[in-house]
Amino acid sequence: MNLVNLESVSHAFGPKPLLSDVSLGLEQGDRVGVVGRNGGGKTTLVSIIAGELRPDSGRVTHTRGLRVGLLSQRDDFDPEVSVRDLVLGGRAEHEWAGDAGIREILANLLGDIDLSSPAGALSGGERRRTALARLLIGEHDLIVLDEPTNHLDIEAIAWLAGHLAQRRSALLVVTHDRWFLDAVSTRTWEVVDGSVERYEGGYAAYVLAKAERARIAEAAEQRRQNLMRKEIAWLRRGPPARTSKPKFRINAAEALIANEPPARETVELLGFASARLGKTVADLEDVTLHAGGPGAGPLVLDHSTFQFGPGDRIGLIGVNGSGKSSVLRLLSGTVEPDSGRLVRGKTVRLAHLSQELGELDPSRRVLETVEEIRKYVQVGKKEWSASQLLERLGFRGEAQWKVVGDLSGGERRRLQLLRLIMNEPNVLLLDEPTNDLDIETLTELEDLLDGWPGTLVVVSHDRYFLERVADRCVALLGDGRLSMLPGGVDEYLERRAAGAALSARAAAAPDAPAPVRDAAPADGLSAKELRELQKELNRLERQVDRFSERETKLHAAMADAAGDFERLAALDAELRDVAAQKEAAELEWMTVAERLDGR
């Protein structure tokens with residue numbers, strides 16, 4: 001049975017029609033992801049479905065007694081009301097404290113927020129998480145979420161995906177986070193040109209299905225053109241011509257990518273990057289860094305040594321507040337370390353996209369704003385004009401002549417990013433570059449970065465984007481180090497979960513006496529077994545350190561062999577082998593550590 005029906009619904013803002021004669025239904029158990037360009041009508045569609053907006057024409061029907069929970073992009077919190085009252089309403093403390101589901105929601109979304117704080121004291125991200133927690137605590141037949149992952153870190157996004165997967169409610173979600181779409185949705189709606197195109201499956205299935213539709217449409221158009229040419233030839237010749245009908249076969253999804261080259265030629269880009277950058281890009285040597293300046297704020301790095309080499313494409317991961325932006329500011333030279341030093345290569349030309357974008361002249365035109373930096377830029381082997389790059393990042397036709405002052409926040413961010421690229425840097429630091437970008441623009445940006453030779457360090461909570469543009473992941477895990485993650489985001493989540501479990505056990509018994517050396521541990525290990533496990537743990541730690549040192553040497557060797565592609569390929573293969581051995585050693589270390597901790 002349909003929970004919501006739309007019949008011939010149309011809606012427009014001013015002269016622009018966003019929805020035109022749309023008819024569709026949302027059933028019990030549906031889990032639908034909504035995609036489309038910014039300003040294309042996604043929010044309008046979900047607002048109409050949720051009953052928050054009346055369409056200009058058409059009919060919207062809800063099943064009787066339908067309970068709809070809506071997370072919009074704006075909240076209307078009373079600034080004087082406490083977070084506890086906003087989220088928990090009139091629930092008594094014993095009522096919600098005894099509910100494991102509510103405790104889980106509070107711990108994962110509001111764990112760092114004082115529930116007695118007034119709403120007026122919350123930051124934008126805290127307000128967003130408060131609104132999401134309030135929604136999830138309630139009981140709903142249909143949950144409608146408009147950009148729910150905004151202001152959430154990777155860990156919280158993974159938790160939210162798992163939480164929604166366990167709920168029985170129907171789900172309708174608008175998001176640009178493609179990993180999240182794949183994790184929570186079984187159907188995809190694309191809002192395009194006033195209509196809603198429907199696809200089965202999550203984001204990956206949607207992309208394949210859309211590509212197949214495009215291929216079929218192209219084949220149909222080609223056939224139509226061929227028939228027209230033959231018809232014209234027949235008219236010219238006079239007697240009818242005997243023709244055979246062309247046959248078209250629908251290929252399997254794999255055939256769509258069978259002959260597709262790799263997203264980027266890593267060895268070739270590395271060689272070019274090494275030639276432009278030299279051997280040194282940025283080396284951290286025994287660096288100590290606090291987020292608020294020398295000795296102030298949380299400790300980010302503690303006597304940390306790390307090397308960013310030519311051609312490195314690194315994703316920097318960590319929870320909100322772990323210091324990722326501080327590391328980028330350190331690399332850009334905006335802040336100085338408390339101690340230690342940063343060695344930067346002489347040939348480095350650096351560009352830094354921060355979360356606090358610099359002001360653009362509001363009176364200038366978009367194209368003028370880019371051309372004042374440069375009119376042409378070389379990306380890989382191809383030269384692009386400012387106008388061509390603007391078109392790739394969503395400024396098409398007349399949009400290039402819009403006044404900067406009339407641009408939205410997302411458009412300003414795209415414009416600022418493009419200005420950075422036009423300056424032809426060879427080191428690019430990107431802090432949350434995906435904010436306010438729609439999926440189509442994200443794919444264009446990823447394609448642009450694929451052909452960009454240089455060192456890339458990117459901070460993003462968009463897991464799909466990270467895995468798409470970065471070759472390696474590095475994490476800030478709160479231990480003052482930059483930790484390599486051979487297993488990528490999955491390994492980061494595993495480490496965070498293991499750390500949270502250890503913290504929970506420590507908190508449960510804060511005053512527990514230290515174990516006596518010769519006493520048998522509570523979990524059944526003898527004193528001898530305990531000593532053997534500790535020795536094994538120390539051995540594995542030394543082994544992981546040796547693998548890390550070998551990785552550093554291999555990166556340096558790859559930089560020295562920039563012009564020898566055969567040598568580079570061999571070094572790259574060895575690097576992959578070392579990374580795999582290091583990952584195995586780290587997993588073994590975690591297993592031993594868990595036994596020592598009594599797990």
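Let's begin with a pair of helices: H4 and H5 cross in a right-handed way, meaning that the near helix is turned clockwise from the far one by less than a right angle. This is a predicted model, in which local features need pLDDT of at least 70, side-chain atom pairs count only at pLDDT 80 or more, and totals for chains, interfaces and linings use all residues. Residues are numbered from 1 along each chain as its sequence is written, and side-chain values use heavy atoms, without hydrogens and water.

H4 spans residues 100–109 and H5 residues 124–137; they pack at about 170°, with axes 10 Å apart. Axes are lines fitted to C-alpha atoms, for helices over the stretch in contact, and angles run from 0 to 180 degrees between N-to-C directions. The two helices are therefore roughly antiparallel, a label for angles over 145 degrees. Helices (H or I, at least four residues) and strands (E, at least two) are DSSP runs, numbered from the N terminus.

Which residues of H4 meet H5? They are Ile102, Ile105, Leu106 and Leu109, and their partners in H5 are Arg129, Leu132, Ala133, Leu136 and Ile137.

Now look at the sheet. Its 3 strands form an open sheet in the order E2-E1-E4, with antiparallel pairing; strands pair if DSSP finds at least two bridges between them. The edge strands are E2 (16–27) and E4 (57–62), each pairing on one side only. E1 (residues 2–13) is joined to E4 by 5 bridges, and Glu7 stands opposite Arg59 in E4.

Technical notes
Angles under 35 degrees count as roughly parallel, over 145 as roughly antiparallel, 65 to 115 as roughly perpendicular and the rest as oblique. Contact means heavy atoms within 4.5 Å.
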